[in-house]
Amino acid sequence: QEKVEYELVTSDPSRLLSKKRAVHDAVNEERQRKLIEKDLPRIREALRARIPHWEAEHNVPFMYRGRRYLRTLDDEELEEGRKRDQLKKSREREKSGKDHETHPSQV
């Protein structure tokens with residue numbers, strides 16, 4: 001949930017326009033980003049280790065919203081990887097576009 005909220009907040013460029021809130025918001029965004037980058041992989045790893053034991057003990061799959069939760073974790077990680085790849089490609093395109101621009105000193 002915090003990751004989704006963080007992505008929503010950081011995708012809105014107008015958040016940086018208010019000087020009064022900008023510093024406070026930037027500090028909170030950075031705190032959230034660090035928390036997500038540090039804690040989320042650790043939590044996922046712990047879930048991946050514990051869920052199979054729970055399933056074996058209870059003899060049923062661990063389900064969340066009608067799906068096996070390990071599958072949900074896999075899908076979330078795949079989607080995050082796709083987003084990272086898209087962002088990387090977008091940044092590369094922007095960079096290559098800027099590299100090809102003519103600068104006044106080159107005219």
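I count a salt bridge when a side-chain nitrogen of Lys or Arg lies within 4 Å of a carboxyl oxygen of Asp or Glu. With that cut-off in hand, I opened my notes.

**Ground rules.** This is a predicted model, so I kept local features to pLDDT of at least 70 and side-chain atom pairs to pLDDT 80 or more, while totals for chains, interfaces and linings use all residues. Residues are numbered from 1 along each chain as its sequence is written, and side-chain values use heavy atoms, with hydrogens and water left out.

**Fold.** I looked up the secondary structure and found 3 helices and 2 strands in the protein chain, in the order α-α-β-β-α. Helices (H or I, at least four residues) and strands (E, at least two) are DSSP runs, numbered from the N terminus. For burial I used relative accessible area: under 20% is buried, over 50% exposed, and partly exposed in between (1.4 Å probe, protein chains only). Buried residues make up 17% of the 107 residues.

**Salt bridges.** My search of the whole structure gave 12 of them. I began with Asp39 and Arg42, whose closest N and O atoms are 3.2 Å apart. The two sit 3 residues apart in helix α2, separated by about one helical turn. Asp39 is buried at 16%.

Next I checked Glu77 and Arg48, which form a salt bridge with closest N and O atoms 3.1 Å apart. Glu77 lies in helix α3 and Arg48 in helix α2, so this pair ties together parts that are 29 residues apart in sequence. Both partners are partly exposed, Glu77 at 32% and Arg48 at 28%.

Then came Arg68 and Glu55, with 2.5 Å between their closest N and O atoms. This pair links strand β2 to helix α2, 13 residues apart. Arg68 is partly exposed at 37%, whereas Glu55 is buried at 11%.

I also traced a network of salt bridges that links Arg44, Arg48, Asp74, Glu76, Glu77 and Glu80. Glu80 made me curious: it is found in helix α3 (residues 69–99) and is buried at 15%. Leaving aside neighbours within four places in sequence, Glu80 is in contact (heavy atoms within 4.5 Å) with Lys3, Leu40 and Arg44.

**Aromatic rings.** I paired rings of Phe, Tyr and Trp (its six-membered ring) if their centres lie within 6.5 Å; planes under 30 degrees apart count as stacked, over 60 as edge-to-face and the rest as tilted. The structure holds 3 such pairs. Trp54 and Phe62 have ring centres 5.2 Å apart and planes at 90 degrees, so I logged the pair as edge-to-face. Trp54 is partly exposed at 32%, and Phe62 is partly exposed at 29%. Tyr64 and Tyr69 are also edge-to-face, with centres 5.7 Å apart and planes at 85 degrees. Here Tyr64 is partly exposed at 42%, but Tyr69 is buried at 16%. Trp54, Phe62, Tyr64 and Tyr69 form one aromatic cluster.

Most residues other than glycine have a negative phi. I noted Asn59, which is not a glycine, with a positive phi of about 60 degrees. Asn59 lies in the loop between α2 (19–58) and β1 (63–64) and is exposed at 69%. Arg65, likewise not a glycine, has a positive phi of about 50 degrees. Arg65 lies in the loop between β1 and β2 (67–68), and is exposed at 73%.
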